[in-house]
There are 2 protein chains.
Amino acid sequence: MATIRDVARLAGVSIATVSRAFNGSSRVSDETRRHVHDVAARIGYWPNTAARSLTTSRTLTIGVLLPDLYGEFFSEVIRGIDQTARAEGYQILVSSSHADAETLVTATRSMRGLVDGIIVMAPHEGASRAVTQISENFIAVLLNPRVAAEGCPSISIANYDGAYAVVTHLLKQGHRVIATVKGPAGNVDAEERLRGYRAALRDAGVDPSTRWEIPGDFTESSGHWSARQILRLNPRPTAVAAANDYMAVGLMSALRDAGIRMPEEMAVTGFDDIAIAQFLSPPLTTVHVDAYGLGERAVRRWLALSRSGENGTQAGDIVPTQLVVRRSCGAPRPQEPEAPPAEEGAPSRTAHAQTSRGERADSDVRRGRNRM
Amino acid sequence: MATIRDVARLAGVSIATVSRAFNGSSRVSDETRRHVHDVAARIGYWPNTAARSLTTSRTLTIGVLLPDLYGEFFSEVIRGIDQTARAEGYQILVSSSHADAETLVTATRSMRGLVDGIIVMAPHEGASRAVTQISENFIAVLLNPRVAAEGCPSISIANYDGAYAVVTHLLKQGHRVIATVKGPAGNVDAEERLRGYRAALRDAGVDPSTRWEIPGDFTESSGHWSARQILRLNPRPTAVAAANDYMAVGLMSALRDAGIRMPEEMAVTGFDDIAIAQFLSPPLTTVHVDAYGLGERAVRRWLALSRSGENGTQAGDIVPTQLVVRRSCGAPRPQEPEAPPAEEGAPSRTAHAQTSRGERADSDVRRGRNRM
DNA sequence: TTGTAAGCGTTATCAG
DNA sequence: CTGATAACGCTTACAA
């Protein structure tokens with residue numbers, strides 16, 4: 001690898017001049033700059049980022065720590081982080097598979113010197129605390145943390161509100177016996193959604209029964225298997241609010257096999273509003289979660305802290321959710337498929353039609369859906 | 001941030017000793033080592049990774065460049081890369097949104113000094129060439145590149161074979177007029193799949209007609225809209241092989257709305273075998289693509305090259321695909337939902353039931369499917 | 001406008 | 001076993 005010294009030698013200038021030529025608008029004559037760049041291009045030189053950040057003590061990189069890197073939700077969050085960061089001149093260093101506090105700490109350490117701070121998705125109590133500890137002199141933003149404000153700024157999702165809204169909607173349709181398929185135990189989102197579900201029932205004068213709360217783990221399979229238990233309940237529920245869309249998919253598949261008509265005999269709702277939700281049969285009523293926006297906010301928050309210097313206020317920011325009514329809940333609403341209206345929010349993705357795989361080709365399809 | 005010097009001073013030793021204490025098994029007395037670690041822990045010291053890699057000229061990091069970071073497929077590829085790399089003591093530095101050659105080059109440059117090499121997903125011709133140029137003294141592996149061997153080792157997917165297999169399967173069911181919904185123009189996978197589709201028809205004595213090749217862009221919407229054109233064809237196809245699962249989802253949704261029974265009036269197949277494929281109605285016959293394995297192989301290949309020193313052989317490795325027969329193609333095969341059999345291959349994911357979102361909770365559900 | 005030289009935080013070499 | 005000290009590749013005062 002060519003170094004700055006090689007360029008200096010070949011160009012017949014000092015290394016300082018080469019450095020200046022590469023760092024934009026310092027005091028260098030246009031002629032020398034051009035010459036230096038020519039030589040550099042010829043021998044394939046480009047500044048070593050590690051060395052550079054060692055002297056400047058700025059890496060222009062944000063570390064991103066995730067429990068896992070899987071599925072539509074996470075990729076969407078990362079996309080939000082990536083695009084927002086990039087637009088501000090930052091890169092991101094992603095590291096996943098950090099469920100417990102220990103691996104989280106390890107990962108954070110190994111990022112030392114490589115990042116100016118981190119954004120951590122910490123669904124576990126111990127984890128968020130651990131990060132908070134490490135993060136002295138280290139700007140950190142927590143994403144959807146178990147504990148709202150623990151010395152760290154945080155961004156969360158309005159899980160409770162979303163669940164409350166969708167269940168209330170079912171109640172308005174006249175349903176009284178409404179089951180739910182829960183998410184995995186210990187999962188923040190799952191717990192918040194369950195709280196919202198119960199509260200909505202209670203506020204409508206319906207006594208929530210734990211018998212209506214079927215265990216699940218966010219997988220399609222668990223949704224599929226939950227059908228058996230739901231159909232066995234007496235009285236049989238007329239509606240099921242699944243804690244996420246994947247489980248709703250599995251559930252609907254099983255109900256269909258059992259000959260249950262939806263929504264007439266059983267209304268079903270999901271949570272997350274994944275891309276295929278509108279193409280299910282019947283199209284799935286669900287709660288839209290703006291994963292991209294979550295990532296975007298995290299970065300903006302991080303940048304604000306970074307620029308202001310301090311690790312600052314620890315106020316918790318909450319990203320709202322949106323009820324999306326389609327046909328699976330039985331509410332009258334025929335329109336489909338949904339047109340992609342121009343929407344506020346994230347910048348549209350570029351060059352997607354050219355992208356290589358089974359991913360969607362443009363963001364409008366993903367991000368612009370009819371909301372209610 | 002505490003440095004090695006702070007620790008040395010407080011521990012009453014030289015910085016060399018501190019360094020040794022942190023670098024495992026050098027010659028340091030257990031007592032000093034313990035002491036040093038105690039002091040370090042007390043003041044929150046941990047070696048600066050950038051500085052370290054500057055002297056060692058090894059970063060133990062692999063850069064990953066993607067055209068985009070979106071959808072099930074990419075996250076699965078990255079997961080394969082991440083887990084494999086981690087198991088070998090490497091981290092990954094992900095950078096996405098690199099559709100064209102220019103941003104790809106920029107990204108590669110900005111990784112200089114931060115990574116020991118890169119894995120690039122380069123669906124575009126210019127892009128892969130550009131990377132090959134840059135990658136002197138730089139170990140690079142191309143993922144699913146447009147051009148197989150251009151001086152760089154590469155890993156690809158057996159798109160052609162997969163498409164050939166699924167179409168042949170349809171032909172065996174007696175179908176003669178088989179349409180396809182294509183992927184975006186210029187997309188490697190899409191083009192290879194189209195080739196396989198045509199070849200299968202031809203080999204069965206059926207003349208492929210471009211009228212049967214409906215444009216699409218891998219999105220659910222495009223699949224949805226393709227239905228209109230398919231139903232207008234005369235003679236009307238009795239089967240459609242969509243270039244990916246998402247389009248199959250959209251297509252099936254539209255066909256159902258049009259009152260077409262599947263598979264009786266119209267057989268439908270997809271490509272990719274996304275998680276929900278088996279929960280569609282009818283369950284989708286498709287081609288399984290081992291995205292995780294793709295990432296895993298890329299890393300193994302990279303490591304092999306890294307250890308052997310050279311940028312080495314440029315032989316193209318190809319990851320096979322698997323036909324997965326379910327009910328949407330009309331072939332007799334009732335069983336469902338599919339049990340998760342123990343499978344060869346990737347290590348199972350850990351701690352997923354605890355993971356925070358709508359992603360699946362365990363890999364068996366994802367990775368172990370019935371194959372035929 | 002350009003050059004010299006002192007760091008940035010480590011590791012590695014070579015003495016002790 | 002431990003301690004100086006010279007790199008690593010770069011930026012940035014300070015001088016010229």
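## Parallel sheet of chain B

In this predicted model, strand S6 (residues 178–181) of chain B runs parallel to S7(B), and two bridges join them. One bridge pair is known by residue: B:Thr180 has B:Glu213 as its partner in S7(B).

The two strands belong to an open sheet of four strands in chain B, ordered S7-S6-S8-S9 with parallel pairing. Strand S7 (213–214) and S9 of chain B are the edge strands, each pairing on one side only.

## Helix H11 of chain B

Helix H11 (residues 245–257) of chain B has 13 residues, which at 1.5 Å a residue should span 18 Å; the end C-alpha atoms are 18 Å apart, in agreement with that value. Eleven of the 13 residues of H11(B) are buried, so the helix is largely enclosed by the rest of the structure. The buried residues run from B:Asp245 through B:Tyr246, B:Met247, B:Ala248, B:Val249, B:Gly250, B:Leu251, B:Met252, B:Ser253 and B:Ala254 to B:Leu255.

The cover over these buried residues includes S6, S9 and S10 of chain B, along with helix H10 (220–232) and strand S8 (239–242) of that chain. Just after H11(B), B:Gly259 adopts a positive phi of about 80°.

## B:Ala275

B:Ala275 sits in the loop between strand S9 (267–269) and strand S10 (286–289) of chain B. B:Ala275 counts as buried because 24 C-beta neighbours lie inside 10 Å, where the cut-off for burial is 20 or more. In sequence B:Ala275 and B:Glu72 are 203 residues apart, while their C-alpha atoms are 8.5 Å apart in space.

## Surface near DNA strand D

There are 26 residues around DNA strand D, and those that come nearest are A:Ile4, A:Ala16, A:Ser19, B:Ser14 and B:Ala16. Helix H2 (15–22) and helix H4 (49–56) of chain A, and helix H2 (15–22) and helix H4 (49–56) of chain B, are the elements that give two or more residues to this surface. By residue class, the surface near DNA strand D divides into twelve nonpolar, eleven polar and three charged residues.

## Helix H4 of chain A

H4(A), one of the helices contributing to the surface near DNA strand D, has A:Thr49, A:Ala50 and A:Ser53 as its buried residues. Viewed down the axis of H4(A), these fall within an arc of 95°, so they line one face of the helix.

The cover over the buried residues of H4(A) includes elements of chain B, namely H4 and helix H6 (101–110). A:Ser57 follows H4(A) and has a positive phi, near 55°.

Definitions and conventions. Residues are numbered from 1 along each chain as its sequence is written. Chains are lettered from A and ligands numbered from 1 in the order in which they are written. This is a predicted model: local features need pLDDT of at least 70, side-chain atom pairs count only at pLDDT 80 or more; totals for chains, interfaces and linings use all residues. A residue is near a molecule or strand if its C-beta atom, placed from the backbone, lies within 6 Å of it. Ala, Val, Leu, Ile, Met, Phe, Trp, Tyr, Cys and Pro count as nonpolar, Asp, Glu, Lys and Arg as charged, and the others, Gly among them, as polar. A residue is buried if 20 or more other C-beta atoms lie within 10 Å of its own, exposed if 12 or fewer, and partly exposed in between; C-beta atoms are placed from the backbone. Two strands pair if DSSP finds at least two bridges between them. The expected span of a helix is 1.5 Å times one less than its number of residues. Two residues are in contact if their C-beta atoms, placed from the backbone, lie within 7 Å. The arc is that of the directions from the helix axis to the C-beta atoms.
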